[in-house]
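Let's take a look around this structure together, starting with its pocket and moving on to its charged pairs.

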Amino acid sequence: MFLWFYSNMDKYIRNSRLYHLSLRKKEKSATQSEFIFSTFAPIISHILFMSRKEKVFDYLQRLGIEYECHEHPPVPTVEIARQYWADIPDVQHCKNLFFRNHKGNKHYLIIFDCDQNLAIRDLEERLKQGKLSFASEERMIKYLGLSPGSVSLFGLINDTENHVHLFLDQKLEKAAKLSFHPNDNTASLVITNEGFRRFLAQCGNSYEYIDLY
């Protein structure tokens, strides 16, 4: 009895106007889904598989920030980078150091003139954040999406929660052009000071200029 009822009810539904209307809606929905997927899948795929450098370039281009990119071999330290920076004149090249506080609940990106050296104890006195230590590779990856040797201002692109606070060498405020790794130490990327300020405003991380030495 149940099978007979189910069979006849199924025939009735299939022949009803409501059923066909439902089919048309489903077909329309499927078509829209296919269109959305075919339109955005290549974009999503491109973003997912972009290199670190490409993500920085894409971010700056979307903000309308002009830049110059100078390719070179890997330069994990400023000392090694100097030989390639000689070909990039009239630019303030920067050091970028990533620190954590004693409790490990605050992290700081300190950006300053590459020709200067800063001792941690001096920084502790000037920044007034208590005891400081270099952040581990795990923390660097978590908050900046970067690995040692490639720490850069542009790591803030990956700090979606604006956790990292910036301390900026006050000397940078007057520099016409500044240079940073584009999250990859195989290149140096030059932007104007105006572009630098626009980038900071867009990222939304807190920052302050300070006399570091």
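## The pocket and the salt bridges

Strand S2 (92–101) gives the largest pocket the largest share of its lining, five residues. This is a predicted model, where local features need pLDDT of at least 70 and side-chain atom pairs pLDDT 80 or more, while totals for chains, interfaces and linings use all residues. Residues are numbered from 1 along each chain as its sequence is written, and side-chain values use heavy atoms, without hydrogens and water.

The largest pocket has a volume of about 460 Å³. Among its 27 lining residues, Pro76, Thr77, Val78, Asn96 and Leu97 are the closest to its centre. Helix H4 (78–85), helix H6 (137–144) and strand S6 (177–180) are also among the elements that supply at least two lining residues each. The lining splits into 16 nonpolar, eight polar and three charged residues.

Now for the charged pairs. There are six salt bridges (a side-chain nitrogen of Lys or Arg within 4 Å of a carboxyl oxygen of Asp or Glu). Here are some of them:

| Pair | Closest N and O atoms |
|---|---|
| Asp58 and Arg62 | 3.0 Å |
| Glu68 and Lys177 | 3.4 Å |
| Glu194 and Arg198 | 2.9 Å |

Asp58 and Arg62 sit four residues apart in helix H3 (residues 52–63), so about one helical turn separates them. Glu194 and Arg198 are likewise four residues apart, in helix H7 (residues 193–203). Glu68 is in strand S1 (residues 68–71) and Lys177 in strand S6, so their pair ties together parts 109 residues apart in sequence.

Definitions and conventions:
On a 1 Å grid over the protein atoms alone, a cavity is a set of points where a 1.4 Å probe fits but cannot get out, and a pocket is an open set with protein on both sides within 12 Å along at least five of seven lines; lining residues have an atom within 4 Å of a point. Grid points are joined across faces, edges and corners, and a volume is the space filled by probe spheres set on the points. Ala, Val, Leu, Ile, Met, Phe, Trp, Tyr, Cys and Pro count as nonpolar, Asp, Glu, Lys and Arg as charged, and the others, Gly among them, as polar.
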